[in-house]
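The entries below follow the order in which I went through it.

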Amino acid sequence: MKKARIALSLKLPLILLFASLVVALPLRAGGLTLPPEATEAIARMYDGDPDAAIVIAKKLQESQPDHPLGFVLEAEAEWWKTYCAASEIKYGMVDAWKRGKNPQDEVYFALSDRVIKLAQAQIARSETAEMHFYAGTGYALKARLFGLRGEHRTVAHAGVSARTEFLRALQLDPDMADATAGIGLYNYYVDSFSSIVKMLGFFMGIPGGNKQEGIRQMQIGIDRGVLMSVDTRFYLAKSLRKYDQKYEEAMTVAEPLVTQYPDNPVYLLLLGNLNAELSRNDKAAEYFQAVLNLPAMQRSCQSLSKVDVSDAGNCAPCFARARDIANSLLATPH
């Protein structure tokens, strides 16, 4: 019965096609470099403080107004706030499944368009793999929010544009691990869709994919990526859970996320969810309780009960949603 419900969810056309083509871990690989402030923004963002990352990203925009990186970082931080706040339990899995339009979406789309335009302006002056990668990332940023809103045709068009840019980046620099990760995610997701969705993809001009090749390419991004390492790890783990029901393998992929970023409620919920799927209920409860015990959660939501959401005060939407999900899963027998 559970597998049937999961199969139903997989028929949603292309909503996660490029949900994960974004930023991640610092240092250097494949021609990409990050300034120290970008590395700091990334660390703060993935450790559960996207607002602090946005402050740093805006300063980077001021110092380098013609470079897309600062705008990518701000959009990425905004995405994680959106993803966390939109998460819910469906088919027994915690994920951001679908939500309607939000006025704040226009800010996010404006950032994504800025990334694309800045990258294209640089390409017009001098074509580089780096700027094609950023252009692809801009399209990918748009695609995943279109996907969350259920706008299937727009996410497909943006996803194909992203793929084109990533492929061109790899033509110019075959060792660019971040672009390899982007293509890997594409290969995995497209090959995971049902035959009906693949047929629709054929008529819409969506190139096919290969799941095993995608996993190999994603592993390159995880091991050597500069901007996509963390995101690729997260989306590979939850996709192995969602599409393949490989819970043990997914947990192995996901565990380093909590080790490196222990204050991120999204990662804690993922690990708790995976342990619950494996009937490791005590361990699952530890992760869900860890969400409730997060220092930021305690500071901002300490006086908030599950039922009294009208008095949210300083409790950020992400923390409020993560708290409710953790409480619900703790109360659910497995």
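**Basis.** This is a predicted model, so I kept its limits in view: local features need pLDDT of at least 70, side-chain atom pairs count only at pLDDT 80 or more, and totals for chains, interfaces and linings use all residues. Residues are numbered from 1 along each chain as its sequence is written, and side-chain values use heavy atoms, with hydrogens and water left out.

**Overall make-up.** I looked up the secondary structure and found 16 helices and two strands in the protein chain. Helices (H or I, at least four residues) and strands (E, at least two) are DSSP runs, numbered from the N terminus. I then checked burial: 57% of the 334 residues are buried. Buried means under 20% relative accessible area, exposed over 50%, and partly exposed in between, with a 1.4 Å probe and protein chains only. For contacts (heavy atoms within 4.5 Å), I took pairs at least 6 apart in sequence, and 69% of these join residues at least 24 apart.

**Core.** Which residues have the most contacts inside the largest nonpolar core? They are W80, F133, L227, F234 and Y267, in a core of 103 residues. Helix α6 (residues 129–148) gives the largest share of this core, 12 residues. A nonpolar core here is a set of buried Ala, Val, Leu, Ile, Met, Phe, Trp, Tyr and Cys residues joined through side-chain atoms within 4.5 Å. I listed the neighbours of F133, not counting residues up to four places away in sequence: L32, F166, A169, M176, D178, A179, L227 and M228.

**Aromatic pairs.** I searched the whole structure and got 17 aromatic pairs. Rings of Phe, Tyr and Trp (its six-membered ring) pair if their centres lie within 6.5 Å; planes under 30 degrees apart count as stacked, over 60 as edge-to-face and the rest as tilted. Y46 and Y261 make a tilted pair, at 5.9 Å centre to centre with 45° between the planes. Y46 is in helix α2 (residues 36–46) and Y261 in the loop between α12 (247–260) and α13, so this pair ties together parts 215 residues apart in sequence. Y46 counts as buried at 1% relative accessibility, and Y261 is buried at 4%. I also noted F234 and Y235: their ring centres are 5.0 Å apart and their planes at 85°, so the pair is edge-to-face. Both of these residues are buried. Ring pairs link Y46, W79, W80, Y83, Y108, F109, F146, F234, Y235, Y261 and Y267 into a cluster.

**Charges over rings.** The criterion is NZ of Lys or CZ of Arg within 6 Å of the ring centre and within 35 degrees of the ring normal. I found the charged end of R163 over the ring of Y186, 5.2 Å from its centre. The charged end of K211 sits over the ring of Y188, 5.3 Å from its centre.

**Pocket and cavities.** On a 1 Å grid over the protein atoms alone, a cavity is a set of points where a 1.4 Å probe fits but cannot get out; a pocket is an open set with protein on both sides within 12 Å along at least five of seven lines, and lining residues have an atom within 4 Å of a point. Grid points are joined across faces, edges and corners, and a volume is the space filled by probe spheres set on the points.

The largest pocket holds about 740 Å³ of space. I counted 34 lining residues, of which P50, D51, K81, A316 and C318 lie nearest its centre. Helix α4 gives the most to this lining, with eight residues.

There are three cavities of 30 Å³ or more, and about 100 Å³ of space lies in the largest cavity. Its lining has 14 residues, with Y83, S87, V94, V266 and L269 closest to the centre. The largest share of that lining, four residues, comes from α13.

**Single residues.** Y91 has a positive phi of about 55° although it is not a glycine; Y91 is in the loop between β1 (88–90) and β2 (93–95). S279 also has a positive phi, near 60°, and is exposed, with a relative accessible area of 57%.
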